[in-house]
Amino acid sequence: MKQLVVVGGSAAGLAAAETLRREGYEGTITLIGDEPYHPYDRPPLSKQILGGQWEPDRVPLRAPADLDALGLDLRLGVAATGLDLAGRTVALADGERVPYEGLVIATGVRPRRLPGDGNGDGNGDGGGRAHVLRTLDDALALRDRLGPGRRLAVVGAGFLGAEAAAVARGLGTDVTLLEPAPVPLAPAVGERVGRVLAQAHHDHGVDLRTGVMVAEVADGGVRLADGTLVEADEVLVAIGSVPNTGWLEGSGLTLGDGLECDEYSAAAPDVYGAGDVARWHNPLFGMAMRIEHRTNATEQGMAVARNLLRPDERRPFAPVPYFWSDQYDLRIQAHGHLRGHEEVAIVEGALEERKFLAVYRSGDRVAGVLAVGMPRRRSAPGGRRSRRGPRGGTRWGSWCRRGRNRFGGCRPWPGPGNCRAGRAGPCYGHRHEARCHRCTRRQDDDAGECPGALIDVLIRSPGASAPGLRRAVTRPIATTSTRRPRCPTTASWAVSWACSTPTR
Ligand SMILES: Cc1cc2nc3c(=O)[nH]c(=O)nc-3n(C[C@H](O)[C@H](O)[C@H](O)COP(=O)(O)OP(=O)(O)OC[C@H]3O[C@@H](n4cnc5c(N)ncnc54)[C@H](O)[C@@H]3O)c2cc1C
């Protein structure tokens with residue numbers, strides 16, 4: 001191949017272009033992006049940029065010299081407007097047609113809008129108060145309007161809305177957070193965890209109103225479906241996003257919730273999708289998914305570049321998804337696919353302390369884990385051991401005999417409340433009892449591999465797609481954690497762990 005085109009100049013598109021070069025491709029790479037900027041990072045927009053800790057010069061993904069070194073045919077500030085699959089050309093807004101032999105589509109998503117927010121639907125201009133938060137310009141425009149004495153209504157308490165609410169509150173803004181669901185983020189993280197995150201907003205003085213439907217942005221604020229006006233100087237509409245596939249209409253590619261791709265992330269011969277825009281079949285989870293996570297964008301961009309270059313050695317794209325979110329002093333991290341889970345178990349820490357690990361079950365598998373307030377990729381004493389443990393099959397008993405715990409090597413657990421089982425008093429380690437969570441009948445004692453150690457691996461692994469991590473997340477629950485037979489009475493999955501005796 002001598003002419004490759006990447007449409008979408010951000011995380012996924014840049015990762016694809018870089019990987020092509022790294023893998024030895026020397027032909028032309030045309031990178032087309034409709035934003036006027038060099039590729040930049042979006043997660044800081046709702047965090048450091050909105051909060052004023054960073055200036056815009058911190059967000060570019062690469063220094064200009066590094067970008068130059070890639071030798072790209074860079075077309076910025078111009079949108080792709082059409083795709084001719086048979087003729088293998090991409091049409092641009094300036095009238096040009098760019099030929100390709102291989103194509104990567106990485107056009108991401110755009111914010112979903114509300115009536116009256118000035119989105120050009122003829123329902124008003126939002127009075128200049130309506131904002132979305134997707135681009136650098138969006139973030140800078142909103143940050144100029146926040147501060148003491150200002151009132152912000154955030155519509156939607158998903159991760160983006162919640163992060164923005166937290167930052168705005170930190171700047172002294174009066175924040176009202178409006179959410180139609182009874183518990184924010186419940187479908188994603190479960191009700192109990194959702195309530196913990198909701199409480200953090202309450203505690204920081206955010207006026208969180210759940211179960212309310214916003215109808216439109218109106219003069220003076222936002223109008224709810226029941227006609228109530230919630231007054232605000234500024235309104236942030238954070239109600240989800242829509243894949244940028246409009247330019248692919250009529251191309252023959254399959255479009256639904258994003259660009260439909262197979263397990264190789266291919267949408268057609270020599271055409272691949274990557275990042276937020278792509279919906280592909282993840283064989284690791286046996287399901288189609290479209291993921292709006294920063295890490296996935298890079299990993300998928302890299303994967304499709306390799307598949308494009310080496311069609312005979314194509315590999316399915318089978319990652320364990322990872323995302324993080326920062327709200328107030330809470331760092332939230334999740335590995336796996338939490339949506340659609342059937343059960344959540346808190347296996348370490350305590351919800352009320354906002355420091356815990358939750359494990360999510362789908363069928364008989366660990367589908368994912370979520371940590372709040374746990375250090376990212378922490379290499380505590382024993383950290384290396386903790387990673388080796390489950391992969392190498394280290395048994396929990398041998399850990400305990402060494403007098404180690406997961407956080408401090410030989411230090412005792414810090415004290416009451418830190419015991420996963422809620423045991424009062426210092427706890428030096430755990431023997432594990434699994435109990436059926438329905439009939440509370442005891443299943444096992446001094447169980448084998450420690451479930452907590454497994455979770456440590458999931459949370460602290462430096463790469464979400466590390467082989468051990470993959471195996472761990474998708475292994476059947478019965479083999480990932482303890483020797484836990486199903487309960488003979490209820491045949492249900494046992495999820496409760498009890499701390500019996502200190503094992504020092
Ligand atoms: C404010 C914010 C905070 C976030 N925080 C987190 C976080 O904490 N953790 C996390 O995991 N993820 C986070 N994300 C999500 C993460 O940033 C995205 O998953 C990631 O940016 C996706 O990269 P992408 O390249 O697929 O798409 P995008 O970053 O959306 O890039 C697509 C690019 O293509 C361009 N484009 C679109 N249509 C066309 C066209 N027709 N022609 C040419 N160019 C086009 C777009 O303008 C854009 O520049 C956040 C996102 C936002 C907006």
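Select α1 first: this helix lies across β1 (3–7), β2 and β7 (102–105), and runs at about 170° to β2. Contact here means C-beta atoms, placed from the backbone, within 7 Å. Angles run from 0 to 180 degrees between N-to-C directions, with axes fitted to C-alpha atoms, for helices over the stretch in contact. Helices (H or I, at least four residues) and strands (E, at least two) are DSSP runs, numbered from the N terminus.

The model is predicted: local features need pLDDT of at least 70, side-chain atom pairs count only at pLDDT 80 or more, and totals for chains, interfaces and linings use all residues. Residues are numbered from 1 along each chain as its sequence is written.

Next, show the sheet. Six strands form an open, mixed sheet in the order β3-β2-β1-β7-β21-β20. Strands pair if DSSP finds at least two bridges between them. β3 (73–76) and β20 (266–268) each have a single partner strand, so one side of each is left without a neighbour in the sheet. Zoom in on β2 and β3: they pair in the parallel sense over four bridges. L31 has L74 of β3 as its bridge partner.

Helix α1 (residues 11–22) packs against α8 at an angle of about 40°, with the axes 7 Å apart. Among the contact residues are A12, A16 and L20 of α1 and A297, G301 and A305 of α8.

Finish at the ligand. Of the 36 residues around the ligand, G8, S10, R42, G108 and G275 come nearest (C-beta atom, placed from the backbone, within 6 Å). α1, β2 (28–33), α8 and β24 (322–327) each supply at least two residues of this shell.

Notes
Contact = placed C-beta atoms within 7 Å.
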